[in-house]
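Here's a quick tour for anyone meeting this structure for the first time. Have a look at the sequence and the fold, then read on.

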Amino acid sequence: MGGQAKLTPVYLCDFLTGFLGCFGAMLALARRACEGGIYHVQFSLAQSAMLLQRQGLIDGFEDAPG
């Protein structure tokens, strides 16, 4: 499989988007507790997919299952 693109699991973008959204909400709540105020958290499925794509592939996993 040398040189061919490899697909990530389909749910990876969904998981990452949910994780980043929850992380942003927790940061906003912590900041509100310390400083007060109102905070708006935005997250995007497309931006999460682009973040994953920018990370590239890791070499050395040719024998990994799946």
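This is a predicted model: local features need pLDDT of at least 70, side-chain atom pairs count only at pLDDT 80 or more; totals for chains, interfaces and linings use all residues.

**How the two helices meet**

- Two packed helices are described by the angle between their axes and the distance between the axes.
- The crossing of α1 past α2 is right-handed.
- On the α1 side, the contact is made by L12, C13, D14, L16, T17 and L20.

- S48 belongs to helix α2, while T17 belongs to helix α1.
- Is S48 buried or exposed? Its relative accessibility is 4%, so S48 counts as buried.
- T17 has a relative accessibility of 8%, and because buried means under 20%, T17 counts as buried too.
- The side chains of S48 and T17 make a polar contact with each other, at 2.9 Å.
- Which residues does S48 touch, once you set aside those up to four places away in sequence? They are C13, L16, T17 and L20.
- T17, leaving out its neighbours within four places in sequence, is in contact with F43, S44, L45 and S48.

- G24 is another residue of helix α1.
- With a relative accessible area of 17%, G24 comes in under the 20% cut-off, so G24 is buried.
- G24 and H40 are 16 residues apart along the chain, and their C-alpha atoms are separated by 9.1 Å.

**F15, out in the open**

- F15 is found in helix α1 as well.
- Is F15 buried or exposed? The relative accessible area of F15 is 56%, and because exposed means over 50%, F15 is exposed.
- How far apart in space are F15 and L45, C-alpha to C-alpha? The distance is 9.6 Å, although F15 and L45 are 30 residues apart in sequence.

Definitions and conventions. Residues are numbered from 1 along each chain as its sequence is written. Side-chain values use heavy atoms; hydrogens and water are left out. A crossing is left-handed if the near helix is turned anticlockwise from the far one by less than a right angle, and right-handed if clockwise. Helices (H or I, at least four residues) and strands (E, at least two) are DSSP runs, numbered from the N terminus. Contact means heavy atoms within 4.5 Å. Buried means under 20% relative accessible area, exposed over 50%, partly exposed in between (1.4 Å probe, protein chains only). A polar contact is a pair of N or O atoms within 3.5 Å; within protein, one must be able to donate a hydrogen and the other to accept it, and residues adjacent in sequence count only if both atoms are side-chain atoms.
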